[in-house]
Amino acid sequence: MNSKIKTNKVLLTTLPGPLDSGRLIITKFTILITIIAAILIVSSCDNNSADPIVSSGKLKLEFLHNIDGQPIIYDSLMYFNEAGNHYLVSEIQYFISDVTLHQSDGTTLLLDSWEDIHYVDTDIDETKTYYLKDDIASGDFSRISFTFGINEEKNNSLMFVNPPKSFMFWPENLGGGYHYLKLNGKWINELEQVSPYNFHLGIGQIYYSYPDSITGFVQNYFTVEMPELLFDIKENETTTLQIVMNVDSWFSSPHTYDHNQWGGDIMQKQDAMAQAVENGHNVFSYNTK
Amino acid sequence: MRTNIIIIVSLFALLTGGCEDKPVPVPFEPTPYEIDIPFGFPTNLNIPDDNPMTVEGIQLGRYLFYDGRLSGRTEPDSLMSCATCHRQERSFEAGVDHPDFPGGFPHGLTGLQTHHVMLPMINLVWNSTGYGWSGFLYPDNPVEELRNIEDFVRLTVLAKDEIDGDTATVKNLFQTIDGYPQLFEKAFGSSTVTFRNIERAIAQFVRTLISSNSKFDKYMRGEVQLSQSELNGYVLFTTEEGADCFHCHGGFGNPLFTTHLFYNNGKDTEFTDPMDRFSISGDPMDHGAYKATTLRNIEVQGPYMHDGRFATLEEVIDFYSHELQVSPYINPLMHHINNGGIQLIPTEREDLLNFIKTLRDDEFLTNENFSSPDSFPDEK
């Protein structure tokens with residue numbers, strides 16, 4: 001390092017100059033450069049000793065959507081749920097947020113804590129991949145968790161003004177913010193009619209007299225605690241996890257959800273949404289890629 | 001000292017070299033035009049990179065939009081412009097009271113009726129999913145000539161059921177009209193009229209047609225209160241147990257009052273239209289699907305639906321209330337389908353109608369910046 005400074009000195013002081021005043025300026029300049037260089041070197045040494053360079057990598061999530069363990073064939077009336085409903089799926093749109101990595105010693109790492117609330121839309125391929133922006137320190141992890149939907153603090157109306165996220169808005173009079181989930185499809189109802197269902201989750205309502213007088217709201221977002229899965233983040237590499245939404249699970253465990261009981265719409269039926277929330281804890285599985 | 005004199009002389013020569021009588025090119029620097037994003041509106045705009053908006057381009061576009069010589073003809077009975085059909089007072093639709101198109105069914109110069117009725121020409125700068133009832137013009141269309149409003153201008157000039165003209169005749173005509181070449185020069189840097197620049201100018205003007213100051217906008221901004229009936233209608237509009245309009249037609253969180261997406265909304269049981277959404281997407285579930293129109297200014301528009309089957313808003317509400325048709329292609333958002341509709345009682349029908357009328361923007365409908373110019377360039 002010192003030799004570098006000396007070299008600079010030599011270079012500068014031996015520059016040809018027609019005037020004595022020029023030499024004086026160069027000499028002063030040399031001193032200034034030397035001081036700055038020394039400060040820089042010393043300060044960089046300090047940083048190295050205080051904050052050793054930590055290797056880091058990235059995380060990517062890929063979203064898949066299955067029924068009975070197979071990729072969904074959309075708009076195809078070929079599925080049966082736990083309640084025996086014969087049904088099809090047309091489209092799925094949802095938000096996940098607050099992705100958190102867990103290590104075996106109990107340490108947790110919350111990623112992209114505010115900026116990224118990720119939108120997934122089965123009709124828009126690019127939404128099915130989520131590149132988390134944070135650099136993640138290299139290491140071994142034992143599982144992940146995330147919020148399905150958007151938590152109360154973040155779920156503010158008009159925070160998404162651009163489509164398609166803005167199309168997820170949840171009406172102000174029903175609690176505002178955004179749908180956590182739109183799962184749209186059709187089933188064969190008790191009258192043997194093909195009937196649309198809109199399995200939508202968001203802020204629920206408590207009614208004094210249904211459906212007109214609302215006395216309170218219910219935050220239906222929930223944390224999905226994924227089971228153990230060992231994976232690591234490697235230096236300068238991107239680790240990919242495949243998150244699978246098993247759509248049939250929305251209608252099975254612990255509650256057998258029956259479209260014939262709840263009908264085609266549930267945004268104003270908190271009891272139905274409560275069942276969906278409890279089932280939602282068991283909807284996702286994942287694996288490394 | 002001698003060196004200094006040489007330097008001074010050289011510099012003087014360099015500085016004064018520009019004083020010769022050579023023509024000095026005037027740099028082409030049109031005035032950029034920025035769209036003010038209204039409260040709650042999207043910040044992403046559909047403006048092609050090769051057609052940035054400028055004050056000069058918009059001014060030229062306004063003239064062209066209203067100039068009947070866009071037909072490429074000059075005889076009084078052969079004039080046709082965008083404004084022949086797109087009337088400001090009807091939110092740039094024809095309107096059922098159009099003096100030349102009874103019931104709001106437009107036809108071209110040759111008398112051939114258009115395949116579909118018109119869509120409102122407002123807030124189009126926020127449409128990126130496709131223009132037209134089927135969305136056949138969309139930004140990432142592999143066919144480059146079918147992507148945006150610019151292309152719509154060309155198609156309108158060429159269409160047999162509209163202007164039935166040709167682009168060469170049109171550009172040649174405007175080249176000869178006093179004042180226009182100068183306006184093209186100001187807007188695009190060349191006084192040579194090209195049809196591409198005609199497209200660009202009209203598209204720039206159309207992108208300025210922004211409606212965002214209805215009573216409902218003022219309500220959103222906290223400036224006015226809605227009446228009880230309007231509020232009741234708003235609740236109906238935004239609830240699944242009510243009329244459930246909002247999933248397709250927006251609301252507080254989507255003030256465009258459309259998703260610009262395509263739905264089979266239960267009008268028919270048989271689908272033979274070769275220009276429905278299926279014709280573009282190839283998805284069998286898109287049979288009989290069409291763009292959800294914006295409900296802004298819907299009160300002054302009409303006729304309604306792609307084929308103009310309803311003349312009044314009351315008829316439209318009655319359709320959604322009791323007259324839905326079941327088919328395999330019905331969009332799943334139409335969850336009231338098996339009841340025939342949303343089953344509104346008369347007071348609810350009135351409330352819903354009153355709410356929808358709060359989306360009328362009188363300031364937009366009379367905005368002089370959007371109206372026909374007092375005179376055309378050759379009349380000044």
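Biologist: Which residues are buried in helix 4 of chain B?

Modeller: Good place to start, and please keep in mind that this is a predicted model. Helix 4 of chain B spans residues 149-158, and its buried residues are B:I149, B:E150, B:F152, B:V153, B:T156 and B:V157. Looking down the axis of helix 4 of chain B, you find these buried residues within an arc of 160 degrees, so they line one face of the helix.

Biologist: Why do residues three or four places apart point the same way in an α-helix?

Modeller: The general idea is that an α-helix has 3.6 residues a turn, so residues three or four places apart point the same way.

Biologist: And what covers the buried residues of helix 4 of chain B?

Modeller: The cover includes helix 5 (167-176) and helix 7 (195-207) of chain B.

Biologist: Let me try another helix. Why is helix 9 of chain B described as largely enclosed by the rest of the structure?

Modeller: Helix 9 of chain B covers residues 228-237, and seven of its 10 residues are buried, so the rest of the structure largely encloses it. The buried ones are B:E230, B:N232, B:G233, B:Y234, B:V235, B:L236 and B:F237. Among the elements covering them are helix 10 (246-249) and helix 13 (346-357) of chain B.

Biologist: Now I would like to step back. Into which domains is chain B divided?

Modeller: Chain B has domain 1 (55-210) and domain 2 (215-364). Between the C-alpha centres of domain 1 of chain B and domain 2 of chain B there are 27 Å. To see how the domains meet, look at contacts: 23 residues of domain 1 of chain B are in contact with 23 residues of domain 2 of chain B. On the domain 1 side of that meeting in chain B, there are nine nonpolar, 11 polar and three charged residues.

Biologist: Is A:N184 buried or exposed?

Modeller: A residue is buried if 20 or more other C-beta atoms lie within 10 Å of its own. A:N184 has 22 C-beta neighbours inside 10 Å, so A:N184 counts as buried.

Biologist: How many helices and strands does chain A have?

Modeller: Chain A has four helices and 18 strands. Buried residues make up 31% of its 289 residues. Among contacts in chain A with a separation of 6 or more, 68% come from residues 24 or more positions apart.

Biologist: How do I read strand pairing? Which way do strand 13 and strand 14 of chain A run?

Modeller: A general point about strands: in a regular strand the side chains alternate between the two faces of the sheet. Strand 13 (residues 204-209) and strand 14 (residues 213-218) of chain A run antiparallel, joined by five bridges. These two strands of chain A form a hairpin with three residues between them. In this pairing, A:Q205 stands opposite A:F217 in strand 14 of chain A.

Biologist: Backbone angles next, please. Where is a cis peptide bond in chain A?

Modeller: A cis peptide bond joins A:S253 and A:P254, with omega about 0 degrees. A:P254 is in the loop between strand 17 (238-246) and helix 3 (259-262) of chain A. In chain B, the peptide bond from B:G302 to B:P303 is cis, with omega near 0 degrees.

Biologist: What is phi of B:F92?

Modeller: Phi of B:F92 is near 60 degrees, a positive value in a residue other than glycine. B:F92 lies in the loop between helix 3 (82-85) and helix 4 of chain B, and is buried, with 27 other C-beta atoms within 10 Å.

Technical notes: Residues are numbered from 1 along each chain as its sequence is written. Chains are lettered from A and ligands numbered from 1 in the order in which they are written. This is a predicted model: local features need pLDDT of at least 70, side-chain atom pairs count only at pLDDT 80 or more; totals for chains, interfaces and linings use all residues. A residue is buried if 20 or more other C-beta atoms lie within 10 Å of its own, exposed if 12 or fewer, and partly exposed in between; C-beta atoms are placed from the backbone. Two residues are in contact if their C-beta atoms, placed from the backbone, lie within 7 Å. Domain bounds come from an automatic or database domain assignment. Ala, Val, Leu, Ile, Met, Phe, Trp, Tyr, Cys and Pro count as nonpolar, Asp, Glu, Lys and Arg as charged, and the others, Gly among them, as polar. The arc is that of the directions from the helix axis to the C-beta atoms. Two strands pair if DSSP finds at least two bridges between them.
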